[in-house]
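Hi,

Here is the structure I said I would pass on to you.

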Amino acid sequence: MPYSVDDLADQAGVSVEILERLSSSLPAGAGRLYSQQIYRKKHGGIREIFKPKRPFDAVSRNLHRSFIGLLSYEAPSHVHGFVRGRSTVSNASQHLAKGCVLRMDLEDFFPSISAETVKASLLEQGYEEKAANFAVSLVTIGGKLPIGLSTSPFLSNLVFLSTDRSLAEYAQSEGLSFTRYVDDLAFSGDVTDRHSTDIARILDDAGWSVNTRKTAFMRRGGPQYVTGLYVGESGGPRIPRKVKRKMRWILHVISKFGYDVYMADFGGEDERMTRRRLLGWACYIAAVEPDVGYPLLRAFDELVPEEDEEDLYDLI
């Protein structure tokens with residue numbers, strides 16, 4: 001079924017006139033439609049994150065929901081990022097107690113996806129030329145897929161689908177387990193240097209770049225981590241020990257001196273360890289290791305005061 005401009009406007013929840021106005025506002029009026037934050041990466045380079053403003057944020061969310069509901073994309077079983085019912089835990093669980101885990105990372109994953117690539121994917125999904133052009137103008141910034149828009153995660157999976165299939169076929173032929181969580185690729189089993197070379201070639205042929213600084217072979221008996229979780233034991237993924245030690249230390253300081261003292265004198269303010277963030281960490285730990293996370297969650301809930309509306313606004 002072809003999707004026209006009228007269909008796109010309906011999906012975005014606005015009139016065609018407003019759709020055209022928003023489309024023509026980018027990028028000249030970009031400052032009115034989204035804010036931009038720039039962060040320096042740990043190993044060099046920058047990361048740009050965009051936060052849409054009203055009414056652009058509502059349009060972006062509506063398009064995201066429509067893409068999920070209308071487009072014929074079904075995430076392969078090895079894809080765990082931005083897929084309902086899957087997570088870093090389900091991703092890491094595929095690599096437990098393996099002889100070797102190979103981790104590879106894609107360079108600038110979202111920004112490396114061009115507007116032309118997104119348009120080609122939408123045309124394949126049945127969008128008419130004009131509708132695809134309008135859609136692309138709303139989901140890309142500066143000719144690239146941005147970090148921060150609601151539509152970017154789904155579109156990144158859609159665009160990567162053919163490469164996902166190539167990598168899955170290769171892993172199966174070599175007897176390896178394979179998962180992808182956004183730009184984090186993990187292969188486990190009897191992994192060798194040849195596999196790393198072959199995988200890099202498949203990615204390069206498909207137009208993707210490997211961040212070689214993050215390529216790592218993790219052998220049994222040493223530290224093995226996939227999406228931040230330890231996978232060296234067969235019983236399930238585990239939270240890294242240093243994370244558990246830190247959270248227990250924070251709880252100890254808050255229990256002994258109080259939350260305000262922890263924030264002012266023990267680095268809590270510098271790390272922005274607000275109530276919401278502390279509870280978020282505890283919830284994540286509980287999802288992986290309930291016996292560790294739930295006691296932390298209960299303790300933080302009792303000891304850390306509620307945030308007022310102004311504090312919450314500052315965090316948004």
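To start you off: which residues line the second largest pocket? Bear in mind that this is a predicted model. The lining is made up of His64, Ile68, Tyr73, Glu74, Ala75, Phe82, Val83, Arg84, Pro153, Phe154 and Asn157. Two elements, α4 (56–70) and α8 (152–159), each give two or more residues to it, and α8 gives the most, with three. Sorted by class, this lining has seven nonpolar, two polar and two charged residues. The pocket's volume is about 290 Å³.

Now for the largest pocket, which holds about 920 Å³ of space. Its lining takes in 35 residues, and Lys41, Arg47, Asp105, Asp183 and Lys214 lie nearest the centre. Here β2 (46–52), β3 and β7 (225–226) are the elements that give two or more residues, with the largest share, four residues, coming from β2. By class, you get 15 nonpolar, seven polar and 13 charged residues.

You'll meet β3 again in an open sheet of four strands, which has the order β4-β5-β3-β6 and antiparallel pairing. At the edges sit β4 (177–181) and β6 (216–219), each pairing on one side only. Further in, six bridges join β3 (residues 100–105) to β5 (residues 184–189); in one of the pairs, Cys100 has Gly189 of β5 as its bridge partner.

Two helices pack on this sheet. Helix α9 (residues 161–173) touches β4 and β5, and its direction makes about 155° with that of β4. Helix α10 (residues 193–205) touches β3, β5 and β6, and its direction makes about 25° with that of β3.

Cheers

Note on methods: Residues are numbered from 1 along each chain as its sequence is written. This is a predicted model: local features need pLDDT of at least 70, side-chain atom pairs count only at pLDDT 80 or more; totals for chains, interfaces and linings use all residues. Side-chain values use heavy atoms; hydrogens and water are left out. Two strands pair if DSSP finds at least two bridges between them. Contact means heavy atoms within 4.5 Å. Axes are lines fitted to C-alpha atoms, for helices over the stretch in contact, and angles run from 0 to 180 degrees between N-to-C directions. On a 1 Å grid over the protein atoms alone, a cavity is a set of points where a 1.4 Å probe fits but cannot get out, and a pocket is an open set with protein on both sides within 12 Å along at least five of seven lines; lining residues have an atom within 4 Å of a point. Grid points are joined across faces, edges and corners, and a volume is the space filled by probe spheres set on the points. Ala, Val, Leu, Ile, Met, Phe, Trp, Tyr, Cys and Pro count as nonpolar, Asp, Glu, Lys and Arg as charged, and the others, Gly among them, as polar.
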